[in-house]
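Subject: Structure handover

Hello,

My notes on it follow below.

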Amino acid sequence: MFDWLTENKIPLGKWIAGGVDWMMDRMAWLFDAFAEGLGSTIEGFIDVMLWVPPLLLVAIFAGIGWYLHRSWKLVLLIVLSLLLVINLGYWRETLYTLGLVLFSTAFCIVIGVPTGIAAAHRPWLYAALRPILDLMQTIPTFVYLIPTMIMFGLGLVPGLISTVIFAIPAPIRLTYLGVSSVPAPLREAGESFGATRRQLLWKVELPYALPTIMAGVTQCIMLSLSMVVIAAMVGAPGLGIPVLRALNTVNIARGFEAGLAIVIVAILLDRVCKQPDRDRRKRRDP
């Protein structure tokens, strides 16, 4: 039986490789246009941030933190952390990483949140999505770096696509969890007041599920940052490049500094995206 199984291997790898080759033969122009357009958009956004003087950009980020949370402690954390990044010499790499994370998170939210809402309202859809999400979260990330690199070449775009594939299950699952966990009496109360399905979604379900959805967004940001080093393997610029170089040269100092810059970006994004804290503060304020 064992010999029969090994001699009659199912050619899954060949089928997938054939599918990629078929798409490249017929849609290479589409992939090239998509990669060029998306890459130009991301690089243009990053170029704008690089054009702004670093200290002014630090002040802008601090102002955003103050506007969202009204916390001088958060503002102080943002200023000191970003000044440390500038002092270490990783400001440019940090902005590239920030741009990649912001765009990947935006893609995940635009695709993941509506998908999670639809799955919460249609159990059969979530049953169909569940094995796909399990596959996306458990398959080694190096595996789908290969087809994305073949389709979109080297640079930011394959890194972005790989990051989205890796991080998008989080907002889908947590949006589904938040919307599906809305208490039935709360829905019935909205229906008893004559709310339509759209009003029920926007005025009952989403406000109740917002903390869970925001947890999915925060987790998506953390997963995107965890892909920084791996995305550097396909040519994506950012903090992953100095980490890989430090690994290749066994440079402990450089690896620690670049890793610290990644941690700083992760902490700042996590603090800024904590929506429930802001809501509690508004309730306390007169």
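For the charge count that follows, Lys and Arg are taken as positive and Asp and Glu as negative, while His and the chain ends are not counted. On that basis the protein chain carries 23 positive and 18 negative side chains. The centres of the two sets are 10 Å apart. Please keep in mind that this is a predicted model.

Overall picture

The protein chain is made up of 15 helices and 0 strands. Its C-alpha trace spans about 70 × 55 × 40 Å along the principal axes. The chain has 286 residues, and 42% of them count as buried. As for contacts between residues at least 6 apart in sequence, 76% of them join residues at least 24 apart.

The largest pocket

How much space lies in the largest pocket? The figure is about 580 Å³. Six elements are listed as giving two or more residues each to its lining: α2 (12-51), α3 (54-69), α4 (72-88), α5 (91-121), α11 (197-226) and α14 (252-272). The lining of the largest pocket consists of 26 residues, and those nearest its centre are F61, L98, L102, L269 and V272. Which element gives the most to this lining? That is α5, with 8 residues.

Two residues in loops

R70 is not a glycine, yet it has a positive phi of about 55 degrees. R70 sits in the loop between α3 and α4. Its relative accessibility is 47%, so R70 counts as partly exposed, since that class runs between 20% and 50%.

V250 is not a glycine either, and its phi is also positive, at about 55 degrees. V250 belongs to the loop between α13 (240-249) and α14. Is V250 buried or exposed? V250 counts as exposed because its relative accessibility is 67%, and the cut-off for exposed is over 50%.

Residues in helices

L74 is in helix α4. With a relative accessible area of 9%, L74 is buried, the limit for that class being under 20%. Leaving aside neighbours within four places in sequence, L74 is in contact with G65, H69 and R271. L74 and R197 are 123 residues apart along the chain, and their C-alpha atoms are separated by 39 Å.

I172 is in helix α9 (residues 169-180). The relative accessible area of I172 is 6%, and therefore I172 is buried. Which residues does I172 touch, not counting those up to four places away in sequence? They are G112, T115, G116 and L133. From I172 to C220 the C-alpha separation is 10.0 Å, and these two residues are 48 apart along the chain.

M222 has its place in helix α11. Its relative accessible area is 30%, so M222 is partly exposed. Not counting residues up to four places away in sequence, M222 touches A266 and D270. M222 and D270 are 48 residues apart along the chain, with 7.9 Å between their C-alpha atoms.

P207 is also placed in helix α11. P207 counts as partly exposed because its relative accessibility is 45%. Its contacts, leaving aside neighbours within four places in sequence, are with L201 and W202. Between P207 and G39 there are 35 Å in space, C-alpha to C-alpha, and the two are 168 residues apart in sequence.

In short

- the largest pocket, with F61, L98, L102, L269 and V272 nearest its centre;
- R70, with its positive phi, in a residue that is not a glycine;
- V250, with its positive phi, in a residue that is not a glycine;
- L74 and its contacts with G65, H69 and R271;
- M222 and the residues it touches, A266 and D270.

Regards

How values were computed:
Residues numbered from 1 in each chain as written. Predicted model: local features only at pLDDT ≥ 70, side-chain atom pairs only at ≥ 80, totals over all residues. Heavy atoms only, no water. Helix = DSSP H or I, 4+ residues; strand = E, 2+ residues; numbered from the N terminus. Buried < 20%, exposed > 50% of the residue type's maximum accessible area, 1.4 Å probe, protein only. Contact = heavy atoms within 4.5 Å. Charge placed at Lys NZ, Arg CZ, Asp CG, Glu CD. 1 Å grid on protein atoms, 1.4 Å probe; cavity = no way out; pocket = protein on both sides within 12 Å on 5 of 7 lines; lining within 4 Å. Points joined across faces, edges and corners; volume = space filled by probe spheres on them.
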